Structure formats: C-alpha cells, structure tokens
Amino acid sequence: MEDEEIAKELADSMTAIELREFMSEHGVSRSRGASKLMMARRVVEEEREMIIDKLDLGEPGATVCCACGYEEHFDSIPDAKEAAQKHTIQDADCHAKAWHDKMGHMIYGELGA
Ligand SMILES: [Zn+2]
C-alpha cells in the first residue's frame, strides 16, 4: 500500500483533533496550519507500521482448522468465519475454529470443542 493511500485512510478515519492528539502523544512534530491530510502524511512517515496496524490495513487473513484435519487459509476474515461455520454445520462431529493470522486470537469456534 502506498503511503499516500495510507495517509488518506488515516485522514478519513480520524478527526483533525484526534489526529493532532495522536501526533502529540507519539511525538510527531507538525507544522502550524497543516491540513488534516498533511498531518496524516507526517504521521504515516513517522509511524507507518503502527498506522497500518491501527487501521487494520495489513490485509490480515485467517486460518480455519478442524480436528478432522480440515485446514484452509482465507485472505479475508468474513470468508474464514463463513467457511468455519459451514464446516461446523455440515458435520455433527466437526467444530471448526478460525484464527486471526495477525492477532492470533480465535474469531470463530469454541475453545475445547
Ligand atoms: Zn471437520
């Protein structure tokens, strides 16, 4: 993803006040009278990785697995949830779980099932 796109996403997702607060919290200097987009660009320059995580732009996927041996990776979280649900419904013995690749938490299923 281009820095410019990230900056636009950031500018869209935060108010100017939030952006200003974020910058002071993270010690990102800003010039007086900078527009929201200009501030967003500065933040992306300084804290690119953090912003990608914050906005969830890292295109996280999820992995669905089941005790029966079924395992499949999905690029989108909703697709993974849907597949896990379908797999669980189609077979009474199956309790598929879906795991968020990046965060590592379970997004579908029950622990111990
Ligand atoms: Zn299964």
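In strand 2, Cys-65 has Glu-71 as its bridge partner. The model is a predicted one, in which local features need pLDDT of at least 70 and side-chain atom pairs count only at pLDDT 80 or more, while totals for chains, interfaces and linings use all residues. Residues are numbered from 1 along each chain as its sequence is written. Strands (E, at least two residues) and helices (H or I, at least four) are DSSP runs, numbered from the N terminus.

**Domains**

The chain is divided into domain 1, residues 3-54, and domain 2, residues 62-108; these bounds come from an automatic or database domain assignment. The C-alpha centres of domain 1 and domain 2 are 35 Å apart.

Four strands form an open sheet in the order 2-1-3-4, with antiparallel pairing; two strands pair if DSSP finds at least two bridges between them. Strand 2 (71-74) and strand 4 are the edge strands, each pairing on one side only. From one strand to the next, the twist averages 30°.

Strand 1 and strand 2 are antiparallel and share four bridges. Strand 1 (residues 62-65) is also joined by four bridges to strand 3 (residues 97-100), again in the antiparallel sense. Strand 3 and strand 4 (residues 106-108) run antiparallel and are joined by two bridges. Individual partners are set out below.

| Residue | Partner | Strand of the partner |
|---|---|---|
| Val-64 | Glu-72 | strand 2 |
| Ala-62 | His-100 | strand 3 |
| Thr-63 | Trp-99 | strand 3 |
| Trp-99 | Met-106 | strand 4 |

Two hairpins belong to this sheet. The hairpin of strand 1 and strand 2 has five residues between the strands, and Gly-69 in its turn has a positive phi of about 110°. The hairpin of strand 3 and strand 4 also has five residues between the strands, and there Gly-104 takes a positive phi near 80°.

The covered face of strand 1 consists of Ala-62 and Val-64, whereas Thr-63 and Cys-65 make up the uncovered face.

Glu-72 is placed in strand 2. Because 16 other C-beta atoms lie within 10 Å, Glu-72 is partly exposed; a residue is buried if 20 or more other C-beta atoms lie within 10 Å of its own, exposed if 12 or fewer, and partly exposed in between, with C-beta atoms placed from the backbone. Not counting residues up to four places away in sequence, Glu-72 touches Val-64 and Ala-83, contact being defined by C-beta atoms, placed from the backbone, that lie within 7 Å. Glu-72 and Ala-62 are ten residues apart along the chain, and their C-alpha atoms are separated by 8.6 Å.

**The helix pair**

Helix 1 (residues 3-13) packs against helix 3 (residues 36-54) at an angle of about 110°, and the two axes are 8 Å apart. Helix 1 is therefore roughly perpendicular to helix 3, a description that covers angles of 65 to 115 degrees; under 35 counts as roughly parallel, over 145 as roughly antiparallel and the rest as oblique. Axes are lines fitted to C-alpha atoms, for helices over the stretch in contact, and angles run from 0 to 180 degrees between N-to-C directions.

On the helix 1 side, the contact comprises Asp-3, Ile-6, Ala-7, Lys-8, Leu-10 and Ala-11, which meet Lys-36, Leu-37, Ala-40, Arg-41, Val-43, Val-44, Ile-51 and Ile-52 of helix 3. By class, the residues of this contact are ten nonpolar, no polar and four charged. Here Ala, Val, Leu, Ile, Met, Phe, Trp, Tyr, Cys and Pro count as nonpolar, Asp, Glu, Lys and Arg as charged, and the others, Gly among them, as polar.

Ile-52, in helix 3, counts as partly exposed because it has 17 C-beta neighbours inside 10 Å. Ile-52 and Ala-7 are 45 residues apart in sequence, with a C-alpha to C-alpha distance of 10.0 Å.

Methods. Contact = placed C-beta atoms within 7 Å.
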